Amino acid sequence: MPRNPAAAENHFQPADDFLSPIAPYGCETKDMSDPERFVNQEYKYGFVTNVDADALPRGLNEDIVRMISAKKKEPAFMLDWRLKAYRRWVTMKEPRWQQVQYPPIDYQDMIYYSAPKPRKKLNSLDEVDKEVLETFAKLGIPLEEQKRLAGVAVDAVFDSVSVATTFKETLQKAGVIFCSFSEAVQNHPDLVKKYLGSVVPYADNFFATLNSAVFSDGSFCYVPKGVRCPMELSTYFRINAADTGQFERTLIVAEEGSYVSYLEGCTAPIRDKNQLHAAVVELVALGNAQIKYSTVQNWYAGDKNGKGGIYNFVTKRGKCEGPNSKISWTQVETGSSITWKYPSVILKGDSSVGEFYSVALTNHHQQADTGTKMTHIGKNTRSTIISKGISARQGSNTYRGLVKILPKAENAKNYTQCDSLLLGNRSEANTFPYIEVENNTARVEHEASTSKISEDQLFYCRQRGLSAENAISMIINGFCKEVFKNLPMEFAVEATKLLNVSLEGSVG
Amino acid sequence: MKTKTAPEIFLEKEKCLAAYEWFKKAEAGKSPSWLASYRDEAIARFRDQSFPTVHDEAWKYTSLEPFAKLAFRPVYRNDSGRINSHAVKNLLGKAPGPRLVFINGLYAPLFSSTAGLEGNIKMVHLGASWNSEGRLAERSWFPQENVRLEIFADLNSAFLNDGMMLQLPENFLVKTPLECVYLTLPENQKLVSYPRNLIVAEPGSSAVVVERYLGLGGNPYFTNAVTDYVIREGASVEAYRLQKETRQACHISSTRVSVGRQSRFVFFNMDFGGRLVRNHLSVVFSEEGGECDLNGLYLAGEGQHIDNHTVIDHLKPKGTSRQLYKGILGSRSRAVFSGKIFVRQDAQKTDAAQKNKNLLLSSDARVDTRPQLEILADDVKCAHGAAVGQLNEDEIFYLRSRGLGVKEAKKVLTYGFAHEIVDKVGLGAVKEELEHWLEDRLESVAHKEEK
């Protein structure tokens with residue numbers, strides 16, 4: 001249903017479209033058995049009054065992009081940027097080179113904007129799914145935190161709102177800006193304008209471009225000159241974005257000499273109805289600044305037969321803009337049916353440092369194609385890549401990495417180690433490193449190995465009295481230790497347990 | 001053929017297809033029907049492909065651009081009177097054993113000799129044996145031809161005309177090395193040749209095989225070679241591939257190896273010449289057990305581009321593969337290494353290791369390396385590594401403190417880097433030759449660096 005874009009902007013009446021009996025954007029032509037549709041229907045009649053403000057019709061076109069921007073009351077530069085991205089996206093082809101398989105995605109069958117809905121509050125933990133509670137217990141998550149994660153109303157002492165308020169005050173004192181992306185667009189448009197797309201341009205790749213056109217919200221963090229952020233930042237404390245968005249956008253800027261550590265995700269299993277997640281994360285580190293970005297991802301991985309689960313197609317990139325800056329990525333990926341991302345660092349400043357530590361675990365039919373890209377531009381730049389892949393049952397794990405040393409990058413150094421552990425004779429482990437060196441003073445080393453847990457190792461542990469299961473989990477944790485030690489402490493403890501839970505029953 | 005010269009080919013599909021039509025007409029009635037249909041099948045596969053560009057993942061780092069606009073002419077009749085036999089003899093040197101020589105892609109009996117051929121070894125040139133040995137060629141012509149499409153190998157099959165066929169009889173251990181030499185003499189025109197070798201090691205046999213690619217003269221030429229090794233149960237082959245084309249040459253080769261049950265294949269690939277070099281090596285473990293040891297050494301300078309593309313495919317259990325490729329890169333040179341190891345689901349207890357090391361001597365040298373593992377079996381031991389670096393300052397200092405000049409010290413260290421491969425060479429004559437080559441080339445590479 002093509003319309004005049006200008007008219008759409010001026011006569012913005014989504015309610016008419018959405019409630020109209022005439023099919024807008026083909027939604028009525030959908031099969032009646034589509035459960036997604038019934039969900040919408042219920043929604044449609046249950047909350048007629050606020051529907052017009054909260055959701056857009058299915059499908060994607062220029063009007064939708066304009067509507068998203070209008071809903072968020074964005075300044076003109078944001079709309080221009082989104083439209084540029086959308087127009088580019090239309091001309092782009094979905095990449096197919098990755099070592100993962102999934103059925104084609106229908107981009108016209110998605111809802112690109114719906115305001116965060118309040119979750120149904122439960123009265124006590126008794127109402128929470130037993131399976132979820134069991135997982136919480138295994139992960140050792142404190143009771144009050146369990147409640148928060150499960151959406152149970154928490155008592156005043158532990159009210160996340162009040163906790164968050166205290167944190168906000170501390171941050172404010174330090175001068176750190178940490179807010180949702182929408183707030184940043186409203187309150188700090190100059191900063192957003194300056195840094196948005198400076199690391200991941202709007203035309204970067206298919207999914208990043210899609211994200212640029214339709215992203216709904218995300219996090220924004222700005223650490224001023226010389227400030228060491230007084231606490232580890234986490235979306236956890238940002239109340240209004242507790243739900244993961246489908247198209248998130250994170251932008252972190254560390255001014256000269258500053259330091260920030262950012263945590264993303266959590267170990268608790270998160271179920272989400274959106275299948276495709278195409279987020280973008282941009283990091284900018286100016287001279288002498290340091291950014292540490294840690295991710296623990298445990299989204300719904302689909303069932304034992306590989307049905308359902310989240311596609312996690314994320315573009316993450318950091319830029320060491322100034323001299324002596326440092327960006328460090330640490331990730332523990334155990335969830336999602338497909339994980340496909342390459343947190344990268346552009347080492348532009350002289351003597352800048354890039355790091356990538358990753359543990360990716362795939363079980364059942366999960367697939368992961370992940371790795372990093374280190375682009376050495378400045379002199380004396382250094383990068384370290386440690387990647388550990390574990391494939392269990394029919395899991396498929398691929399490391400794909402690029403180390404690129406440009407001609408001007410004198411004395412650049414890279415060390416890469418990627419190890420794979422196979423648990424199960426139907427699992428798959430691939431290693432595809434790309435090394436491109438254009439400067440003879442560079443020193444680049446790559447090592448990779450693939451093996452299974454040896455009988456000898458197992459035997460040794462067992463004769464010391466460990467059960468087979470415990471022995472294996474100990475060996476796996478040893479295998480991942482190099483990565484875990486780079487996680488913030490409380491995360492590391494949870495991550496260790498997370499691996500055990502994720503691998504449960506897959507050995508022996 | 002006498003009255004009409006063959007049409008030129010470019011690296012252009014239409015031109016190649018037209019040249020094939022001409023070739024087919026000229027060959028009509030001369031070759032057995034199986035060969036004609038073999039060529040037809042190859043050109044049909046060729047037709048379905050297109051010449052690779054840098055947009056193809058496998059050719060990402062290698063562009064055929066410098067040779068795309070050149071017209072190459074095949075030779076179907078060598079004018080022996082015009083060949084400077086003195087220069088050729090000088091270049092070839094003394095044969096250590098039986099040797100077949102091909103000039104511009106065609107058998108040159110004047111320079112070949114099969115005297116001293118032991119036992120029942122069949123060592124013949126294909127052109128003469130289509131009818132007599134046709135059955136052997138037909139039977140063992142590569143089973144995996146269709147598995148991995150490689151446009152240049154198909155082009156070679158389409159224009160298949162001459163080459164060496166070698167059959168080692170069952171349980172026969174050959175003592176003298178068996179050699180074939182392909183020499184191109186592009187005197188006043190740009191030439192293309194399609195060398196083709198078929199080596200079948202029957203069960204329990206053993207031999208050393210040497211392939212040599214040489215060139216003379218200042219004209220550009222194009223060598224598109226294919227060598228197939230069939231190593232049957234319990235056989236063992238040590239193969240050398242010495243590529244020393246001129247600096248005007250484009251050398252593209254495909255070496256395809258089928259490793260049989262408990263058999264062994266040792267390979268040395270030495271690239272010293274050529275302007276644009278691309279070697280495909282594919283080793284397939286089609287039966288249980290089996291072992292291969294692949295070694296490569298490339299030395300590039302002044303505008304040379306050397307690309308090694310290898311695939312080791314473990315289809316069956318208990319295979320062992322080792323690979324070590326080393327490169328030395330002088331000024332304005334580029335090297336590419338792309339090595340893939342597949343371990344299929346059946347191939348339990350596979351032990352595979354791969355290593356690529358590169359030494360950059362010049363600030364404008366470039367190397368791109370891609371060692372890759374694709375593993376679908378769990379009970380395996382696989383490792384790969386890649387390293388890029390330059391000479392160690394401390395080591396240079398050490399040698400200088402012992403009284404060596406900078407140039408000499410660098411040469412010694414570079415030589416040491418290469419020696420890991422040279423040391424493994426089992427054939428004395430080749431080893432000696434390699435050492436001379438290295439000495440020569442390192443001198444010139446080091447000399448360039450001084451300036």
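# Reading Helix Packing and Contacts

Guide: The crossing of H14(A) and H15(A) is right-handed. A crossing is called right-handed if the near helix is turned clockwise from the far one by less than a right angle, and left-handed if anticlockwise. This is a predicted model, in which local features need pLDDT of at least 70, side-chain atom pairs count only at pLDDT 80 or more, and totals for chains, interfaces and linings use all residues. Residues are numbered from 1 along each chain as its sequence is written, while chains are lettered from A and ligands numbered from 1 in the order in which they are written.

Visitor: At what angle do the axes of H14(A) and H15(A) cross?

Guide: Two packed helices are described by the angle between their axes and the distance between the axes. Here the axes of H14(A) and helix H15 of chain A (residues 489-503) cross at roughly 140° and come within 10 Å. Axes are lines fitted to C-alpha atoms, for helices over the stretch in contact, and angles run from 0 to 180 degrees between N-to-C directions. Helices (H or I, at least four residues) and strands (E, at least two) are DSSP runs, numbered from the N terminus. H14(A) and H15(A) are therefore oblique to each other. Angles under 35 degrees count as roughly parallel, over 145 as roughly antiparallel, 65 to 115 as roughly perpendicular, and the rest as oblique.

Visitor: Which residues of H14(A) and H15(A) meet?

Guide: Two residues are in contact if their C-beta atoms, placed from the backbone, lie within 7 Å. From H14(A), A:Ser473, A:Ile476, A:Asn477, A:Cys480 and A:Phe484 meet A:Ala492, A:Ala495, A:Thr496, A:Leu499, A:Asn500 and A:Leu503 of H15(A). This contact has seven nonpolar, four polar and no charged residues. In this scheme Ala, Val, Leu, Ile, Met, Phe, Trp, Tyr, Cys and Pro count as nonpolar, Asp, Glu, Lys and Arg as charged, and the others, Gly among them, as polar.

Visitor: How far apart are the axes of H13(A) and H14(A)?

Guide: The axes of helix H13 (residues 455-463) and helix H14 (residues 468-484) of chain A are 9 Å apart, and the helices pack at an angle of about 120°. That makes H13(A) oblique to H14(A). Their crossing is right-handed. H13(A) brings A:Gln457, A:Leu458, A:Cys461 and A:Arg462 to the contact, and H14(A) brings A:Ala468, A:Ala471, A:Met474 and A:Ile475. Six of these residues are nonpolar, one is polar and one is charged.

Visitor: Into which domains is chain A divided?

Guide: Chain A has domain 1 (5-109) and domain 2 (177-454), with bounds that come from an automatic or database domain assignment. Their contact takes 23 residues from domain 1 and 24 residues from domain 2. On the domain 1 side, helix H5 (62-71) and helix H6 (76-91) each supply at least two residues. H6(A) gives the most to that side, with nine residues.

Visitor: How do H5(A) and H6(A) pack?

Guide: H5(A) and H6(A) pack at an angle of about 155°, with their axes 10 Å apart. They are therefore roughly antiparallel to each other. H5(A) passes H6(A) in a right-handed crossing.

Visitor: How many residues of chain B are in contact with chain A?

Guide: In chain B, 30 residues are in contact with 30 residues of chain A. Strand S20 (366-375) and strand S21 (381-389) of chain B each supply at least two residues of that side of chain B. S20(B) gives the most, with 10 residues.

Visitor: Which strand of chain A do bridges join to S21(B)?

Guide: Two strands pair if DSSP finds at least two bridges between them. Seven bridges join S21(B) to strand S20 of chain A (residues 443-451), and these strands run antiparallel. The bridge partner of A:Val444 in S21(B) is B:Val388.
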